[in-house]
Amino acid sequence: ANLVLTRRYWSHDEEAVLNAQTGLANCFCNLGRDAEALVLRRMIHDRLKAMHGVSDERTIRGGANLVISLNQLELWDEARSISRDRLLPVARQSLGSDHDLTLYLNQSLAHALFFNPERTRDDLLEA
C-alpha cells in the first residue's frame with residue numbers, strides 16, 4: 001500500500017519511490033520471499049547507481065542489501081563477485097575501511113566465501 005500511495009502522490013520524488021520499494025523488498029525478505037526481494041533489490045541498486053553514482057553511501061547500502069538477498073538464495077559466486085570486485089573497493093575508498101557499512105560488506109563477503117560448498121582453501125583463508 002505504501003508503494004502504491006508513494007507512486008500515486010509522490011511519483012516525481014524518485015528517492016521516495018526507491019525508499020518505498022526498499023521497504024517492500026525488506027518485507028519480502030521477512031516473509032521468506034527472497035526471489036521477489038532479489039528482483040526488487042537489483043532494480044533499486046541499478047537505479048541508485050544511475051541517480052547517485054557508485055561511490056554514494058546510499059548506492060553502496062543498496063548493493064549491500066543486494067548481497068544479502070544473493071546470500072539468502074545461496075547465489076554464492078555472484079554475491080562474492082559483487083562484494084569483492086565492485087562494492088568493497090568503492091566502500092573502502094569513499095567511506096573508509098572502518099565504516100560500519102564497509103565492515104558489514106566484509107562480513108557478507110566472508111559469509112559468501114565460507115558457506116559456498118565449492119569453496120577453495122584460498123576462499124576459506126580470505127573469509
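Is Phe115 buried, exposed or partly exposed, and at what relative accessibility? At 42% relative accessibility, Phe115 counts as partly exposed, where buried means under 20% relative accessible area, exposed over 50% and partly exposed in between, with a 1.4 Å probe and protein chains only. The structure is a predicted model, in which local features need pLDDT of at least 70 and side-chain atom pairs count only at pLDDT 80 or more, while totals for chains, interfaces and linings use all residues. Residues are numbered from 1 along each chain as its sequence is written, and side-chain values use heavy atoms, with hydrogens and water left out.

The protein chain has 7 helices and 0 strands, helices being DSSP runs of H or I of at least four residues and strands runs of E of at least two, numbered from the N terminus. Read along the sequence, this gives the pattern α-α-α-α-α-α-α. Of the 127 residues in the protein chain, 37% are buried. Among contacts (heavy atoms within 4.5 Å) between residues at least 6 apart in sequence, 50% join residues at least 24 apart.

To return to Phe115, its ring forms an aromatic pair with that of Phe114, and the pair is edge-to-face, with 5.1 Å from centre to centre and 90° between the planes. Rings of Phe, Tyr and Trp (its six-membered ring) pair if their centres lie within 6.5 Å, and planes under 30 degrees apart count as stacked, over 60 as edge-to-face and the rest as tilted. By this rule the count comes to 2 aromatic pairs, and Trp76, Phe114 and Phe115 form one aromatic cluster. Phe114 is itself partly exposed, at 41% relative accessibility, and Arg119 lies over the face of Phe114 at 5.4 Å from the ring centre; a charge sits over a ring if NZ of Lys or CZ of Arg is within 6 Å of the ring centre and within 35 degrees of the ring normal.

Another arginine, Arg41, has its place in helix H3, which spans residues 34-52. Arg41 is buried yet has no salt bridge, and the nearest side chain of opposite charge, Asp34, is 6.8 Å away; here Lys and Arg count as positive and Asp and Glu as negative, while His and the chain ends are not counted. The side chain of Arg41 does reach the backbone oxygen of Asn65, at 3.2 Å. When residues up to four places away in sequence are not counted, Arg41 touches Ala25, Asn26, Cys29, Asn65, Leu66, Ile68 and Ser69.

Side chains of opposite charge can pair when their charged atoms come close. The structure holds 7 salt bridges, each defined as a side-chain nitrogen of Lys or Arg within 4 Å of a carboxyl oxygen of Asp or Glu. One of them joins Lys49 and Asp46, at 3.8 Å from N to O. Because Lys49 and Asp46 are 3 residues apart in helix H3, they are separated by about one helical turn. Lys49 is partly exposed at 29% relative accessibility, and Asp46 is partly exposed with a relative accessible area of 44%.

In helix H4 (residues 57-72), Arg61 and Glu57 lie 4 residues apart, about one turn of the helix, and they form a salt bridge whose closest N and O atoms are 3.0 Å apart. Arg61 counts as partly exposed at 36% relative accessibility, as does Glu57 with a relative accessible area of 32%. Asp56 forms a salt bridge with Arg58, the closest N and O atoms being 2.8 Å apart, and Arg58 is partly exposed, with a relative accessible area of 40%.

Notes
A polar contact is a pair of N or O atoms within 3.5 Å; within protein, one must be able to donate a hydrogen and the other to accept it, and residues adjacent in sequence count only if both atoms are side-chain atoms.
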